Amino acid sequence: MAFASGWFIAWAIRRSESARILRFAAIGGLSTLTYAVLTLALSDRHGLGMPVTFASMAGYGAGAVFSYCGHRIVTFMSDGAVGFEIPRFAGATAIGFLLSFALAAVLTDLGGLSPSVPVALSCVLVPALNFVLLRKFVFAAACP
């Protein structure tokens with residue numbers, strides 16, 4: 001078993017695209033978990049009494065900070081200038097947010113579809129878009 005786990009770890013830290021995608025998914029999942037746990041811990045219904053909208057903003061902010069640090073260090077192994085990467089990361093995050101907002105507005109508010117449709121599409125399209133933006137725009141120097 002030690003050989004198998006050692007092989008997996010060696011593969012996961014390589015700069016191959018498949019390993020990078022696995023790391024991207026892991027960091028994204030942990031970032032989402034950070035958002036969810038913090039939002040629930042702070043909210044008035046489940047935790048410390050903060051209105052849910054503010055708790056969600058705090059959770060989203062914490063998740064975004066974790067996401068940037070995790071993708072910089074683990075996913076893309078970047079040593080680029082933080083002052084260059086952070087504004088680009090914020091822009092990429094905003095684009096993903098706007099895409100999910102637009103999908104909800106068009107498909108549910110205007111199109112009358114179930115909210116599960118834009119949520120499902122966002123769960124696929126936003127991470128795919130984020131991966132491309134992070135790889136090609138934010139951490140481009142780290143991705144040959």
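User: How do the residues of the lining of the largest pocket divide into nonpolar, polar and charged?
Analyst: In this predicted model, the largest pocket has a volume of about 1,000 Å³, and 29 residues line that pocket. The lining holds no charged residue; its residues divide into 16 nonpolar and 13 polar.

User: Which helices each supply at least two residues of the lining of the largest pocket, and which residues are the closest to its centre?
Analyst: The helices that each supply at least two lining residues are H2, H3, H4 and H5. Among the lining residues, the closest to the centre of the pocket are Thr32, Tyr60, Val126, Pro127 and Asn130.

User: On which residue is the kink in helix H5 centred?
Analyst: Helix H5 spans residues 116-138 and has a kink of about 30 degrees. The buried residues of H5 include Pro118, Ser122 and Val126, and the kink is centred on serine 122.

User: What covers the buried residues of H5?
Analyst: Further along H5, the buried residues include Phe131, Leu133, Leu134, Arg135 and Val138. The cover over the buried residues of H5 includes helix H2 (17-42), helix H3 (52-75) and helix H4 (82-110).

User: Is methionine 77 buried or partly exposed?
Analyst: Methionine 77 lies in the loop between H3 and H4. Its phi is near 50 degrees, a positive value in a residue other than glycine. Buried would require under 20% relative accessible area; the value for methionine 77 is 24%, so this residue is partly exposed.

Conventions. Residues are numbered from 1 along each chain as its sequence is written. This is a predicted model: local features need pLDDT of at least 70, side-chain atom pairs count only at pLDDT 80 or more; totals for chains, interfaces and linings use all residues. Side-chain values use heavy atoms; hydrogens and water are left out. The bend at a residue is the angle between axes fitted to the seven residues ending there and the seven starting there. Helices (H or I, at least four residues) and strands (E, at least two) are DSSP runs, numbered from the N terminus. Buried means under 20% relative accessible area, exposed over 50%, partly exposed in between (1.4 Å probe, protein chains only). Contact means heavy atoms within 4.5 Å. On a 1 Å grid over the protein atoms alone, a cavity is a set of points where a 1.4 Å probe fits but cannot get out, and a pocket is an open set with protein on both sides within 12 Å along at least five of seven lines; lining residues have an atom within 4 Å of a point. Grid points are joined across faces, edges and corners, and a volume is the space filled by probe spheres set on the points. Ala, Val, Leu, Ile, Met, Phe, Trp, Tyr, Cys and Pro count as nonpolar, Asp, Glu, Lys and Arg as charged, and the others, Gly among them, as polar.
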